[in-house]
Amino acid sequence: MELYKLTARELIEKIDKKESNAGEIISCLGKRIKEVDPKINAYVRLSEPEPSISAPGPQPSTPLRGVPVSIKDNICTQGYKTECSSKILEGFTPPYDATVITKLKNAGAAILPFKTNMDEFAFGSSTENSCFGPTRNPWSLEAVAGGSSGGSAAAVAADEAAWALGSDTGGSIRQPASFCGVVGLKPTYGRVSRYGLIAFASSLDQIGPITKDVADSASLLNVIAGYDHFDSTSIDKEVPDYTKVLGSGIKGIKIALPEEYFVEGLDPEVKSIVEEAVDKLKSLGAEDKTVSLPHTQYSIPVYYIVATAEASSNLARFDGVQYGHRCAKPQNLIQMYNKTRGESFGQEAKRRIMLGTFVLSHGYYDAYYLRALKVRTLIKNDFEKLFSEFDCVVTPTSPTAAFRIGEKIRDPLKMYLSDIYTISANLAGLPAISVPCGFTKNGLPVGLQILAKPFDEEMILKVAHAYEQATPWHKMKPKL
Amino acid sequence: MYETVIGLEVHLHLKTKTKAFCGCSTEFGREPNSQVCPVCLGFPGSLPVLNRTALDYAIKAALALNCSVQNYTKFDRKNYFYPDLPKNYQISQYDLPVSRDGFLDIRSEAGAKRVRIKRVHLEEDAGKLIHQEAVSLVDFNRAGMPLLEIVSEPEMNSPDEAYEYLTGLKSIIEYLDVSDCDMEKGSLRCDANISIRKKGSTILGVKAELKNMNSFKSVREALAFEAKRQAELLESGGEIIQETRLWNAEESKTVSMRTKEEAQDYRYFPEPDLPPFTINKDKIEAIKKSIPELPESKRRRFTEDYGLSEYDAKILVLSRRNAAFAEECINEYPGKEKKPVVNWLIGPFLSEANARNRELADLGIGSKALVELINLMEKGVLSNLSAKAVLAEMLETGKTAQAVIKEKNLAQISDSSSLGGVIEEVIKENAKSVTDYKQGKGNALMFLVGQAMRKSGGRANPKVVQDLLKEKLNEG
Amino acid sequence: MAITKDTIKHVAHLARIDLAPNELETLSAQLQDILDFIDKLKQADIKDVLPTSHILPVSNVMRDDLPRESLLSEKALENAPQRKGSFFGVPKVIE
């Protein structure tokens, strides 16, 4: 079997058995990328001269043994361009590594110098909002890869990456993982350092793994999780070995099925696939009960207020003073600001900055922003109540399978609604995973989402792993 | 017929080793953009982490200004675009500042007064802009330095009161050692709001915000100018508009910024990158304990315990180190009546210190050495004149008073046997004056004393000389 | 609520974004749609509910006042669109 098809753990095994080495793996992946990426566009800046890999080389003693990781274009990598798929960050080469990158390097990972494609500043659910063009779904090139971590998800699905990092603000890891038939995990808010992740919405963003299977997800989380004194919002809490719980069985585990996630708007085909998955979990010993998360209907409005407000402030720094793009020959300061930002932010970025600026502006703060923060409390309380009785919540990851490229791009609200099942985990800070649970008649993957209480990543990994091992989905490969 | 109403907003650089939210040094005057990192440059992906000492200093200052320290405080983002602001928002505090509701007692010619302090909060500083012909240059070394903002209520009624407020505030902050308070280096900045109203009115007039004052003196001048300008404007039937005015020190006047005044909309919201802070009673108590005796209490003690005048005490307590040095000297001095020491401290010693732009304690003469000098003078070993000469020599060489006296032979001569010869000579050489004296002209004696002093090189004890002269002249 | 063109223009100014006339048109319509949708929040009962700005109950995260190495100014200025010596350059700011 070709090396690129293997999971990261399988690659590590190969290295340990001296059947391969990191250098060989990197060059094999490089070949694979050259071969299929023109179809997928999972990576950005591939045509640019390749900077040398800051690979540690074969490192037999380190946990990751030199196996490469693909990184989303919004995670800072020292010496490698990090542009958030945005024209405004044109040419930006960070002078520092994100904490997750430092951790990966310390664990012996190689960092690929080209980064994975994304919606500009992670604004989107399809990776169509990229200045590098859309990423295509490896299962159907006419379909979107999901977003905003579409590049990472597609790269893993198309065997262009052993594994990858994405970021998730409202579903940006889980939804593309679901669309591409791979595993995507969003950790508890505060579990993984955000230092070096170019912020979209600071109170919602988390970095997480996108992998070929659940075991890889646990292994990668082992490396990136943990307190970081550079991130005031990271939590000083011991990191367990997440691979330990895998295979421990889910007998007697209490699963909540929120009725609000199985109503109108959910594609009937997706619904029946997810219901079958729930049956599978039951057959493995889990106990299910239909419950209510009464404030679910507010999650999208709350999200689009909180996330855009924070984004409008976070993105104010892109002004052409210190880095990135500056408009040609500005006559004065105000023109430099307005023109630079006007000509280099994409439509979705402008929309969100405008919305976020508006909800914070004088006279509207209480009606929008403050109200949203209060409803956020209600949503959080809903989950707290649920987790006093249940071990996890199971839902579809997305109401539909991957949609066609261009289908929703002109209708932002419709696009926003595709995040309906993933947003609550961010608002409530919960860990959540998407694991492949079947295919539609058109051959598009469907994802099952599992959520647990804060810092119970072990629960979602355990349940996802039990399900995965009892089903064939994660073994399926797209034909490219 | 008009009453002036003034409120002051003071910004202080806290004297921490590192910036408010990152580990960059706060040292002044380094190469441009050499004390910067991804955090204080606001580079994408960077995150702030609060400097513990900055919060401690803020609490300390707030307590010393009689503020109530809040048990729950948080940071907010103040959003506006400006090239010296790396993130285009400033991390500041909006609705839940570290502390509020304090006061500062001041004394001016109008008497004693309590000025209330609205709030004291912590924020980060911006960078520095240097304007050239066609371009403005940005240096971010200052960006992210911890700033304390102290906002008074509009309760001062004269430029003098404002001046006293600033002097008092600076004195307290220096006692706490939490800021350099150096306006020239920009570690203390002051903006003023000023309006006038008819005496007796309770409604505030339209205010002007004054900026660009670089010393307390210029704050006073700018306020005086502005109060006069506003009064004249009203008198001539004009109307005061709310605006920002810059103090032009060269021309001694305030000038309207003339920019299109747009209503600012800072879109404050809670800083999501910084979880909130709780300040418990234990912490407040611990910080309270670290606060030294403050100038006001010191001043009271100096007048009550040592019998200093209000004026002398106020001067001596202004600086913590001066006060400590003065107290050392006072305690060192054996006499019960402390006036001689205080006179020397406030007089020759302070003027020497001022001339050298130093504190009393930094003149290189310890309290023991100074008191020794004063004692020698009090005991009559030195004349007042010689004592000043000895002081100058001590400052120059660092030698003790005794050593200088010995070396320069400056001791006062008081014994009659040593002075006998001089007296004889003077009587012999000034026959006319002797005659005048004998004819009852009192002035003649003073002349003869002066001659004797001159002959002794200023070392003769004038009282002894006078007695000896009288004795001799009355004999013959 | 209905959002006017003037409001959109004002917000664009606050956000320092130039909008072409056609962008202003589409954005107005889209933001109106989104705001109408968001208005759903008015139905939520938020009486006596405290706002959540930080999802986890963490407080007092601080660092000690210990200096760390700064960036070399060359590194700090490496990405600058305009620089003059060790300074960043911007169009002249008129005060």
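Analyst: One spot to start from: Val135(B) stands opposite Pro91(C) in S3(C). This is a predicted model, where local features need pLDDT of at least 70, side-chain atom pairs count only at pLDDT 80 or more, and totals for chains, interfaces and linings use all residues. Residues are numbered from 1 along each chain as its sequence is written, chains are lettered from A and ligands numbered from 1 in the order in which they are written, and side-chain values use heavy atoms, with hydrogens and water left out.

User: Which strand of chain B pairs with S3(C), and in what sense?

Analyst: Strand S10 of chain B, residues 135-139, pairs with S3(C) in the antiparallel sense over four bridges. Strands here are DSSP runs (E, at least two residues), and helices are H or I runs of at least four, numbered from the N terminus. Two strands pair if DSSP finds at least two bridges between them.

User: How many residues of chain C are in contact with chain B?

Analyst: 35 residues of chain C, against 53 residues of chain B. Contact means heavy atoms within 4.5 Å. The area buried there is about 3,700 Å², with carbon and sulfur atoms giving 58%. Buried area is the accessible area (1.4 Å probe) that two parts lose on being put together, summed over both. In chain C, Met62(C), Arg63(C) and Asp65(C) lose the most area to chain B, together 20% of what that side buries.

User: OK, switching to chain A. What area do C and A bury?

Analyst: About 5,300 Å² between them, 71% of it on carbon and sulfur atoms. On the chain C side, Leu41(C), Ile55(C) and Asn79(C) lose the most area to chain A, together 13% of what that side buries. The contact takes 52 residues from chain C and 66 from chain A.

User: And which side chains make the salt bridge there?

Analyst: Lys350(A) and Glu23(C), at 2.4 Å, N to O. On the chain C side, helix H1 (5-14), helix H2 (21-38) and strand S3 (87-91) each supply at least two of the residues that touch chain A. H2(C) gives the most, with nine residues.

Note on methods:
Salt bridge = Lys/Arg side-chain N within 4 Å of Asp/Glu carboxyl O.
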